[in-house]
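Hi everyone, thanks for making time for this one.

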Amino acid sequence: MATQAKPSTHGAGDRDTPKWEMVVDLDRCTGCQACVIACQAENNIPINEESAFHEARVIQWIRIERYWEGEFPDVKARFLPLLCQQCDNAPCESVCPVYATYHNNEGLNVQVYNRCVGTRYCGNNCPYHARLFNYWEPTWPEDLRNQLNPDVTVRTRGVMEKCTFCIQRIRRATRGGEAVADGDLQPACAQACPTSALVFGNANDAGARVSKLKNDKRRFRVMEELGTDPSVTYLKQVDTDG
Amino acid sequence: MAEAAHEMRPIPTHQEVALDVLARFQDLGARYWGWVTVLGFLFVLGIVGFVIRLSAGFDDRSIWGYHVATMSFIVTTFLAMPMISAGLRLTKANWRRPLTRVTENMSITGLLVVLMLLPALAALPPLEGRRNIWFDFPLGAPGVWNVLGFGNLALMGLALLWVLALPDLAAARDHLPPSARQRFIAWASLGWVGHLRQWRVLYAASLVFGGGYLIAYPLVQSLLFADFHAGLMPGLKDAIGPARAVVHGVQGALAMTIVVMYVMRRLGGYERYFSVEQFWALSKPLLAFSLFWFYFWWASFLTFWYGRLPGETDLIRFLVLNSYLGPFIVSLVLNFIVPLVALIWSPVRRSAWGPAFVSAGILVGTFVNEVRIYVSAFSIEDPTLHALDGIPPGQWPEAPDVLIAIGGIAGCVLLFMLVSKIVPVISMWEVGEGLRLTKIRRYLNRQVRVIAKSH
Amino acid sequence: MYYRRTLTDAQINRELLHVVFTTPMWWIVLVVSLGLVVAVAVAAVGYMFNQGLGVTGLRQPVFWGFFITNFVFWVGISHAGVMISAILRLSQAEWRRPMVRAAEIMTVFSLMAALTMPLVHAGRAWRIFYWIFPYDWSRGIWPDTRSPLIWDPVAIFTYLISSSLFVYTALIPDLAVIRDRSKGTWRYPMYAILSLGWHGSPHQWKLQGIAGILLSALILPVFVSVHSIVSWDFGVSLVPSWHVTVFAPYFVIGAVHSGVSAVVTLMVIMRKLYHLENYIWEEHIDALARLLIVVATGWFFLFWLDFVFALWTREEQEMVVWNLRLFEAPWGWLFLTFFITSYVIPVPLWLFKRVRRSFTWMLWTSLLVNVGMWLERFLIIVPGLVRKGPLVFDYGSYRPSIIEITIVVGTLALVPFLLLLFSKFFPLIPLWEEKEGQKLIDHIQLGNVKVPALVKEH
């Protein structure tokens, strides 16, 4: 059942099946948070009010990690948009007792909400803190209710959720079986990025931008030493002038 | 468990036991000297092997792997045996009495271990740049502290041996005809006459040194594991290692005790002291520790295997799945599977041959396992890396390695045989004490033993 | 050592069945007040189910908090039952007799308390059967056996079932005694059914003995595996300070440490409440305390290994977690309290015979151990999550909510509550064990001293 789809691990796999990946060019990222808001609107994520930040129960499928480089006064703010890395060797998958998260044949780490019983073990085992828990029943102000995306499940309280690479868009685009031209299919975050720092595509398509960029010499992957084999590649020029 | 009782032999007296033990003790026949000569020759072969290794120096660390493995084997079997004496005395097991002295006499092998430690330390690379437990600790780490730790264990064992031997040394002093040996024993008996205060001191000292040995042993195994295995293995973080080594030690000690008892029964005629009861009683913890052997290995294997961190996956490939798969399988079978399958049956446990057979296998398995752990670590070229650089191949022994292993083990047996002619190999006073605390009576329709609970 | 009092069978029956046939005032008061605490906790659970887990103090990324801590704690307590019963039975330790039943039944009840914890902690507790039931129901999907959270219920249910059987097997002869004493009352049918027609024939005794020995031997691997599996919930994950190979034996021996301490506490309180001075003596808790010295020191060795090898890596994330644990308030104070109460105070005290043989001292030191061991579990589980990774967006702390505290206190009341109820229907000290013990007393004359002695079966 769920295991039959195991396989695209470590890249290879069937060349006809897409392998969805993303490249994040940190040299382009301005930290504007447009991706965060776009994701929020696309994926029916409840409004994060101030209290959510105080309680540290913010739900953001993509978030901007800010960190500082250098010493004061010669200091630079750096940003790292962090989303589910769709690891090909995902630590979250094997610990779920109910197969609520598994790997599909398109290289996506899929979350099945109605299987989830909320043990939150996957969240513990995710080194990227990309998995989020619904502590409360999600609510929206009355005037925003009609704005919910009909393609996306509204998650109940008690389940885990995380970035899906906008799987609803992938499904719509590939429903007929016809090939999708590179760049036609984008998740909300990539679509909203004003500097095109986020690039999404099929890494099994050698001509796709994502396939070219992911081999750029500036490439790195977050916490590569853990062997999780993420599907998100980051690009960053290492400052040499300080 | 009930049917043993009806053919219970009458209980001998303390005096009968003492005369019998002293007669065997006094005898230094051709057979004894024959064995000593053979063992001495093997020991000299070991020294030859050692000298060959020494002539190559310490620059190539990998040639010292088997030396360290042999040393660790001695620590894990012979030198662990006094723990049995100390542990059983704490639990007041009555059946321990005939076999405690055998285990205590083995503490003499601590001297050999300390001697073997020195070249092993010389072969260690400098601490700089690699993981170690010393955290820039001053004063000659790791060498000085290892010598102190091992030396402490050896001294603790010898002190335990000496203190518990005092009443028997005094008996030997009074029994033997005058000779150099008798004069030495007389000196060693420290004027024991057996008045109440002396006994009190003896009981207190046996607690102190026994407890001390039980604490010193895990520390020595921790030093061995940390400095001679983990510190050389790039990226290894295996916190269970020292505890696992202690478990191996208890298993090895039980197995060695059983084998020694069996050999003494067959070759030395000690059936009277090492009866089936001793084998039966020792084989229960032997079964338990064989299960623990697997459990302590599995606990760390599962953690690495499930975690799937690349560095740790490489390490289990190196130590278990690829390079040292053969040795691992051998020790898995001999240290876990065979003991489990055999000792689970009461008739096997309740015999002399069953536990002895299993124990012999365990000793072989233990040696192979020590080879796997220490030879692998010494074959790593650059211990300052953070992960293995490729998976190195396993390393087979060469002629000098075989000589060192044979010589080391022969040396231990030789030391035991020598010391057993100074300290009687059966503890007369403990057996005698046990006899006074036991009686046989009828209970319902069968004979049972009544045991008073005292020391 | 065994200056046994000679007791007749009739006296044993009368004294040990006292609470079964009469209902003292203190019993009612205790049951009602503990029941109230449990009721409040149940209400808190209901409120939490109604509102969502938002009412807890859990937060990103601290997904596990008080509930899981409490789960590990109670599984730990449950390890004493078999420890005392099975090991001591197999090794024929005579001093086991008065404490086996109470220890075993504490195992069963604390396992039940432990089982409630992962249940209420789950996001959708009402769908928990998906998780643990090994059947595909209508979903066409089986539980994932790769997950340690499947190993957990399997191990714990195995343990619960086998220890319940263990209790029951040892209970049958006593049930028959109660049955024979309650002819014509409302109790009779219940005991008649439960005692399975026991009339004490040699054949029945033989079967009961074999069952006891077999269950003892079979339960020991289960006993080791249960807490190992609990430890692997943490050990196999990638959370810094959790991914440690020593966790399995470290958890098991820590469980024995806290469990045997709990047995000491239980013995002292039982002795006082049920007037069991004839059965529980200084010698018994002395033996337990000596066992505890060994267990605690073994536990300390493994704790030390965990600590040293965490520092050994000199990895940044390990250092961050240990820095939080040791030097940041309030974690540092909790750590200090844990360390002092679980080892530094009790173990040196137990070295003194006078402490070991004092019921008051043993009561307080054993309680201290369990305060420390609860904190130990908390300090193992939570700091690793609070400082899980180098991503600092959600760095913070964890503070339990009043709901979590209420539920945890509820389980602390639940176990004594169930024990009290049990004691109303079944004797807490096995009658037949005591009677058997009386038969095996003997003495040996040494000079002019009579040394107490025991008949050994072989």
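Let me start with chain A, where buried residues make up 58% of the 242 residues. Keep in mind throughout that this is a predicted model. In terms of secondary structure, chain A has seven helices and ten strands. Its C-alpha trace spans about 50 × 45 × 35 Å along the principal axes. The radius of gyration of chain A is 18 Å, and that agrees with a compact globule, because 242 residues would give a value near 18 Å. If you take contacts in chain A between residues at least 6 apart in sequence, 64% of them join residues at least 24 apart. The chain exposes about 10,800 Å², and carbon and sulfur atoms supply 50% of that.

On to chain B. Here we have 17 helices and two strands. Chain B has 455 residues, and 59% of them are buried. The C-alpha atoms fill a box of roughly 70 × 50 × 40 Å along the principal axes. For contacts in chain B between residues at least 6 apart in sequence, 82% join residues at least 24 apart. Chain B exposes about 18,100 Å², with 71% of it supplied by carbon and sulfur atoms.

Chain C, then. It holds 19 helices and two strands, and 63% of its 458 residues count as buried. Its C-alpha trace spans about 75 × 60 × 40 Å along the principal axes. Chain C also agrees with the globule rule, because its radius of gyration is 23 Å and a compact globule with 458 residues would come out near 23 Å. Among contacts in chain C between residues at least 6 apart in sequence, 80% join residues at least 24 apart. Its accessible surface comes to about 17,100 Å², and 72% of that belongs to carbon and sulfur atoms.

Now for the empty space. Rolling a probe the size of a water molecule over the atoms shows where such space is left. How many cavities of 30 Å³ or more are there? The count comes to 13.

The largest cavity holds about 200 Å³ of space. Its lining has 16 residues, and those nearest the centre are Asp238(B), Arg244(B), Ser300(B), Leu319(B) and Arg372(B). Four helices of chain B each supply at least two lining residues: α10 (241-268), α11 (276-307), α12 (310-321) and α15 (353-378). The largest share, five residues, comes from α11(B). By type, the lining splits into nine nonpolar, four polar and three charged residues.

Last stop, the second largest pocket, with a volume of about 1,000 Å³. Elements giving two or more residues to its lining are β2 (62-69) and α4 (121-125) of chain A, α12 of chain B, and α13 (316-327) of chain C. Which residues lie nearest the centre of this pocket? They are Glu225(A), Leu226(A), Leu309(B), Glu315(C) and Gln317(C), out of 41 lining residues. The largest share here, four residues, comes from α12(B).

Key:
Residues numbered from 1 in each chain as written. Chains lettered and ligands numbered in written order. Predicted model: local features only at pLDDT ≥ 70, side-chain atom pairs only at ≥ 80, totals over all residues. Heavy atoms only, no water. 1 Å grid on protein atoms, 1.4 Å probe; cavity = no way out; pocket = protein on both sides within 12 Å on 5 of 7 lines; lining within 4 Å. Points joined across faces, edges and corners; volume = space filled by probe spheres on them. Nonpolar A, V, L, I, M, F, W, Y, C, P; charged D, E, K, R; others polar. Rg over C-alpha atoms; globule rule 2.2 N^0.38 Å. Buried < 20%, exposed > 50% of the residue type's maximum accessible area, 1.4 Å probe, protein only. Contact = heavy atoms within 4.5 Å. Areas by Shrake-Rupley, 256 points an atom, 1.4 Å probe, with all protein chains shown as cover.
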